[in-house]
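I opened the notebook to record what I looked up in this structure, entry by entry. I began with the overall fold and then moved to single residues.

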Amino acid sequence: ERLVEALKSNPVRVHLSRTVRYTRQVFEYLKGLETPATRTLVESLYTDGGLLEGPLVQQSQVPDEKVVNEVDRIIGGWLAQNLCSPEEILLLSRHGRRGKGSLANISSLAGIPVVDYLEQKPGCICRSSVNKAKGLDSRAVILIDFPIFESLDDSGYELSFFMGASRARQLLAIVALEQA
């Protein structure tokens, strides 16, 4: 308690010498997202090889009308394998407004209620936009409403994609939109 009180008026900045929050698979995926826009972020990821093993990052590319089915399939698989609980799942869209995006009107996935992150409740899956996710992390993240990373030609979208993907600690799925 004394330490907490002392730190309130004198914040301490800590710089970790290595990345420890990701599984090896998520870490390696993030390292592969290097572009001129993301280079500084990617270069700040360092490990001595001591990361935990986890599931592979799931990537799929589907038309907009099939995003709900794909996300439902991923969540159902994670829950069936007991890899996470519903409240450990965070859906992140590139769209900032609540009424936009592939899951705009969805109230449940895999039979689990979906709520806005600010309204999170036990037993519910949370959703938010990548822009509002700075500082958040979650055991499981599904990134939606982006095209595949390699097709992005806007540095802002590249940064948003990286930031969204980097919110996942152990489970990451990318459900990319097929380009017309």
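**Overall fold**

I counted the elements and found 5 helices and 7 strands in the protein. The model is a predicted one, and I kept that in mind throughout. Read from the N terminus, the order of elements is α-α-α-β-α-β-β-β-β-β-α-β. I then looked up the radius of gyration, which is 17 Å, close to the 16 Å that the globule rule gives for 180 residues, so the protein is as compact as a globular protein of that length. The C-alpha atoms fill a box of roughly 50 × 40 × 30 Å along the principal axes. I noted that 43% of the 180 residues count as buried. I also looked at contacts between residues at least 6 apart in sequence, and 74% of these join residues at least 24 apart.

**Helix α2 and the cores**

I asked which residues of helix α2 are buried. In this helix, which spans residues 24–31, they are Q25, V26, F27, Y29 and L30. I followed their packing and found that the buried residues of α2 pack against α3 (39–43), β1 (58–62), α5 (155–165) and β7 (168–177).

I went on to the largest nonpolar core, which has 29 residues, and noted that Y29, L30, L33, L143, F161 and L172 touch the most other members. Two or more residues of this core come from each of α2, β2 (89–93), β6 (138–144), α5 and β7, and α2 gives the largest share, with 4 residues. I also recorded a second, separate core of 22 residues, which includes V71, I125, A140 and I142.

For L30 I listed the contacts, leaving aside neighbours within four places in sequence, and they are Y22, V42, L45, F162, A165 and S166.

**L41 in helix α3**

I turned to L41, which lies in helix α3. Is L41 buried, exposed or partly exposed? With a relative accessible area of 27%, L41 is partly exposed, because buried would require a value under 20% and exposed a value over 50%. Beyond its neighbours within four places in sequence, L41 is in contact with L159, F162 and M163. I checked one of these pairs across the chain, and L41 and M163 are 122 residues apart in sequence but 9.0 Å apart in space, taken from C-alpha to C-alpha.

**Strand β6 and its partners**

I looked at how far β6 is covered, and 6 of its 7 residues are buried, so this strand is largely enclosed by the rest of the structure. On one pairing, β2 and β6 run parallel and are joined by 5 bridges; within β6, I144 is the bridge partner of S93. On another pairing, β6 and β7 also run parallel, with 6 bridges between them; within β7, I174 is the bridge partner of L143. I traced the chain from β6 through α5 to β7 and noted that this β-α-β crossover is right-handed.

C84 counts as buried, at 9% relative accessibility. C126 is likewise in no disulfide, with the sulfur of C124 as its nearest cysteine sulfur at 7.3 Å. C126 also counts as buried, at 3% relative accessibility.

**Two residues with positive phi**

I closed with backbone angles. Most residues other than glycine have a negative phi, so I noted two exceptions. N82 has a phi near 55°, a positive value in a residue other than glycine, and its place is in the loop between α4 (67–80) and β2. At 68% relative accessibility, N82 counts as exposed. D145 has a phi near 70°, again positive in a residue other than glycine, and is found in the loop between β6 and α5. D145 counts as buried, at 2% relative accessibility.

Terms used
Residues are numbered from 1 along each chain as its sequence is written. This is a predicted model: local features need pLDDT of at least 70, side-chain atom pairs count only at pLDDT 80 or more; totals for chains, interfaces and linings use all residues. Side-chain values use heavy atoms; hydrogens and water are left out. Buried means under 20% relative accessible area, exposed over 50%, partly exposed in between (1.4 Å probe, protein chains only). Contact means heavy atoms within 4.5 Å. A nonpolar core is a set of buried Ala, Val, Leu, Ile, Met, Phe, Trp, Tyr and Cys residues joined through side-chain atoms within 4.5 Å. A disulfide is a pair of cysteine sulfur atoms within 2.5 Å. Two strands pair if DSSP finds at least two bridges between them. A crossover is right-handed if, with the strands pointing away from the viewer, the path from the first strand over the helix to the second runs clockwise. The radius of gyration is taken over C-alpha atoms; the globule rule is 2.2 Å times the number of residues to the power 0.38.
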